[in-house]
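Subject: Structure handover

Dear colleague,

Please find the structure below. My notes on it follow.

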Amino acid sequence: AATDTLLLEDLTEVSNGYQFRCQVANDLGTVTSNAVYLYVNPPVEFLEHPASCTVGVYGSATFTVKASGTGRLTYQWERSPDGVNWETIPNATSSSYSINDIPSSMNGYKFRCFVTDYKSETELDNFATGMSNEATLTVNPYPIIEVQPTSVSVLESGVATFSVRVN
């Protein structure tokens, strides 16, 4: 190629491990770049995505993924209050993420897991990644009785009715 950039498209695993270098020449001589490797890896396969769940206020929830790859898998969980703005959850680096004492303010939060499949322990630039589907956390508030039942007096063989009004 007669350019400083080599663009390879529609790559398949057949090209995995190919080595590339660039030779540049002018009237004064020729130089050759360092060799680099091309790693073409299949994406991480998700066997199980995290499931949405419903809990009561101050309850607990666990989200789990099952992923498959050919190397060492690492996990990083993320959360979002709106499904648009995502943040990394510190220390959430296993295939399951549990949360306890869930406040009502987390109702509607989304959770997902970013998985990396490192193909080599020495070539850390040889990896594949995948993002799980989102799971939604629903936090139901405890019911509040707005109108309490009242006592009633009935004759023997009579019928009594008690009712409440709940939010």
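Leaving out residues up to four places away in sequence, F63 touches P50, A51, C53, W77, S95, S96, Y97, F111, A135 and L137, where contact means heavy atoms within 4.5 Å. F63 is also one of the residues that touch the most other members of the largest nonpolar core, together with A61, W77, Y97, I102, F111 and L137. That core has 24 residues; a nonpolar core is a set of buried Ala, Val, Leu, Ile, Met, Phe, Trp, Tyr and Cys residues joined through side-chain atoms within 4.5 Å. At least two core residues come from each of β6 (53-56), β7 (61-64), β9, β11 (96-99), β12 (110-118) and β14 (135-140).

On the source: this is a predicted model, in which local features need pLDDT of at least 70 and side-chain atom pairs count only at pLDDT 80 or more, while totals for chains, interfaces and linings use all residues. Residues are numbered from 1 along each chain as its sequence is written, and side-chain values use heavy atoms, with hydrogens and water left out.

Overall, the protein has 16 strands and 0 helices (DSSP runs numbered from the N terminus: E, at least two residues, for strands; H or I, at least four, for helices). Its radius of gyration is 29 Å, well over the 15 Å that the globule rule gives for 167 residues, so the protein is more spread out than a compact globule. The radius is taken over C-alpha atoms, and the rule is 2.2 Å times the number of residues to the power 0.38. Along the principal axes, the C-alpha atoms fill a box of roughly 115 × 30 × 30 Å. Of the 167 residues, 25% count as buried (under 20% relative accessible area; exposed is over 50%, partly exposed in between; 1.4 Å probe, protein chains only).

Two further residues were looked at. R72 is in strand β9 (residues 72-80) and is partly exposed, at 36% relative accessibility. Beyond four places in sequence, R72 touches T116, D117, Y118 and E121.

T30, in strand β3 (residues 29-32), counts as exposed at 51% relative accessibility. Its contacts, neighbours within four places aside, are Q23, V24 and A25. T30 and S60 are 30 residues apart along the chain, and their C-alpha atoms are separated by 65 Å.

Regards
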